[in-house]
Amino acid sequence: MPNDCIFCQIVAGDIPSKTVYEDESVLAFLDVNPLAPGHTLVISKDHHETLDDLPDDAAADLFSVLHDLTPAVETAVDADASNVAFNNGEAAGQEVPHVHGHIIPRFDGDGGHPIHAIAGDRPDLSDEELDAIADDIRDGR
């Protein structure tokens, strides 16, 4: 557990949080810089920087909690929907190098955008390029 990881410090109790869920492997708490009321972060208690580093069992635990908490967060703030997402790596906007999922409540007319809006310009890929990428993904599993 790196001493300079803010999420590890929260897990250790060195930094307070507005905890909404905790078990032996997962902690969930309100984001201190929320994008919406109820914006919740769900983290593995063990330090893993990205999803690539997260063991299968820890990933299953993390997703299970995300799955269970999403409707509870929406209900708590009377949200119409939510975005559930991971920023996976610095180039994707991950600011804290400790894997964490976001539950961001959404409200009709809130001015937010769908997840498709985060990537900038869309590439114009041919069928051959798409086939090659699909093959590479299948081969990389």
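Q: What makes the pairing of the side chains of H39 and H102 a polar contact?
A: The two side chains meet at 2.8 Å. A polar contact is a pair of N or O atoms within 3.5 Å; within protein, one must be able to donate a hydrogen and the other to accept it, and residues adjacent in sequence count only if both atoms are side-chain atoms. The value of 2.8 Å for H39 and H102 is within that limit, so the name applies.

Q: What kind of model is this, and how are its residues numbered?
A: This is a predicted model, in which local features need pLDDT of at least 70 and side-chain atom pairs pLDDT 80 or more, while totals for chains, interfaces and linings use all residues. Numbering runs from 1 along each chain as its sequence is written, and side-chain values use heavy atoms, without hydrogens and water.

Q: Why is H39 called buried?
A: Its relative accessibility is 2%. Buried means under 20% relative accessible area, exposed over 50%, partly exposed in between (1.4 Å probe, protein chains only). H39 is therefore buried.

Q: Where does H39 lie, and which residues does it touch?
A: H39 sits in the loop between β2 (26-30) and β3 (40-44). Leaving out residues up to four places away in sequence, H39 touches F29, L30, D31, N33, P34, H102, I103, I104 and P105. Contact here means heavy atoms within 4.5 Å.

Q: Which helices and strands make up the protein, and in what pattern?
A: The protein has three helices and five strands. Along the sequence they follow α-β-β-β-α-β-β-α. Both are DSSP runs, numbered from the N terminus: helices are H or I, at least four residues, and strands are E, at least two.

Q: Are C5 and C8 buried or exposed?
A: C5 has a relative accessible area of 5%, so it is buried. C8 is buried too, at 1%.

Q: How much of the protein counts as buried?
A: Of its 141 residues, 31% count as buried.
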